[in-house]
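Visitor: Could you take me through this model, one topic at a time?

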Amino acid sequence: MPPIPIAIRRTGLVTSVGLSAPASCAAIRAKLTNPVETRFIDAEGERIMAHEVALEKPWRGRAKLARMAALAAQECLADVAPHLWDEIPLLLCVAEHERPGRLEGLDDLLFADLQDLLGARFSADSLVVAHGRVGALVALAQAQRLIGSQGVANVLVVAADSLLSWLTLGAYERGHRLLTAENSNGFIPGEGAGALLLGRPGGGDGLLCTGLGFGVEKAHIDSDEPLRADGLSAAIEAGLAQAQCAMHDIDYRITDLSGEQYYFKEATLALARTLRQRKESFDLWHPAECIGEAGAVAGVAALAVAQAACRGGYAPGPDVLVHMANDAGQRASAVMRFEGVEA
């Protein structure tokens, strides 16, 4: 028996282009972007550009992550009475353990910081999902189990991440992965937070997750093996199979692509291997062009953008494929379908 579909009830976003989901999604739709000079200097003596979130105070490190996460969570929980929050599992998505310069305390202290800022305690089923860009889709799989098998009414997914530390930027700069005047094959680093309130379908229009798939790419970005997109193709095929549809049934795609040629090539190869009927057009959206490479926030941002596009009536259709990829080789896909309220 396939897992039950789960619905995205509300979204929250904190990005460099907006401190709420409506503001961020409107800016992303308009392709607005505002990278700024950081205090970090690259090997050529130039300041590194980044998509930095402007908050009321110059918090840094874990303190800033916690505050961005709290803003996104509060936006998501606006319609839920605070005395019910302790019944909600919180799935906190953070950077993967392999991330260069990963902050200390992400696996234990950040969760406590977030609860303290919200003045709440979440369900004992809460957990930290340390899977970087694929984390939001890993959290969707966990939410499917909690809602479908354990009868949980709501699950809150929160993602918070930042690449704006010198240990992280230095490692990526030495690896020639940052977009600079000397390197066009790179990304602009970013930061932010996002949140999703998930529940059973029904009670209003919403985006439903009907299929999830996961895979592993042996020819990851640091590998010398030839890229054939085996891992991403497997993840997409598994998600489509669970959703009982084919790639040509999908109306558009949203991904975590942020500027590196490797990941664009992988997405192109995966499409060639999974699309078996010709389509006249097949949009590919990548919010990172507006908010930067924001790590674990990428998946939540993609889903929030899809929700806004469907509710706003500017999506190419009701069916969207979201796919994500980590540097270490983890691949994930989610098949989403929008079901609106009948007029």
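**Val-158 and its surroundings**

Visitor: Which residues is Val-158 in contact with, leaving aside its neighbours within four places in sequence?
Guide: Val-158 is in contact with Ala-69, Ala-73, Leu-90, Leu-91, Leu-92, Cys-93, Leu-114, Gly-194 and Ala-195. Contact means heavy atoms within 4.5 Å.

Visitor: What should I know about the model and the numbering?
Guide: This is a predicted model, in which local features need pLDDT of at least 70, side-chain atom pairs count only at pLDDT 80 or more, and totals for chains, interfaces and linings use all residues. Residues are numbered from 1 along each chain as its sequence is written, and side-chain values use heavy atoms, with hydrogens and water left out.

Visitor: Where is Val-158 found, and is it buried or exposed?
Guide: Val-158 is found in strand S6, residues 154-162. Helices (H or I, at least four residues) and strands (E, at least two) are DSSP runs, numbered from the N terminus. With a relative accessible area of 0%, Val-158 is buried. Buried means under 20% relative accessible area, exposed over 50%, and partly exposed in between, with a 1.4 Å probe and protein chains only.

Visitor: How many Å separate the C-alpha atoms of Val-158 and Thr-11?
Guide: The separation is 9.8 Å, although Val-158 and Thr-11 are 147 residues apart along the chain.

Visitor: Now the whole protein. How many helices and strands are there?
Guide: The protein has nine helices and 12 strands. Along the principal axes, the C-alpha atoms fill a box of roughly 55 × 50 × 35 Å.

Visitor: What percentage of the residues is buried?
Guide: Buried residues are 55% of the 343. Among contacts with a separation of 6 or more, 78% join residues 24 or more positions apart.

Visitor: Let us turn to helix H5. Which of its residues are buried?
Guide: In H5, residues 166-174, the buried residues are Thr-168, Leu-169, Gly-170, Tyr-172 and Glu-173. Their cover includes strand S2 (36-41) and strand S3 (47-50). Just after H5, His-176 takes a positive phi of about 55°.

Visitor: What about phi at Ala-229 and Gln-244?
Guide: Ala-229 is not a glycine, yet has a positive phi of about 65°. Gln-244, also a residue other than glycine, has a positive phi near 60°. Ala-229 lies in the loop between strand S8 (206-216) and helix H6 (230-243), while Gln-244 is in the loop between H6 and strand S9 (252-255). Ala-229 counts as buried at 0% relative accessibility, whereas Gln-244 is exposed, with a relative accessible area of 69%.

Visitor: Last topic: how many disulfides are there?
Guide: The count is zero, a disulfide being a pair of cysteine sulfur atoms within 2.5 Å. For Cys-25, which is in no disulfide, the nearest cysteine sulfur is that of Cys-290, 11 Å away. Cys-25 counts as buried at 5% relative accessibility.
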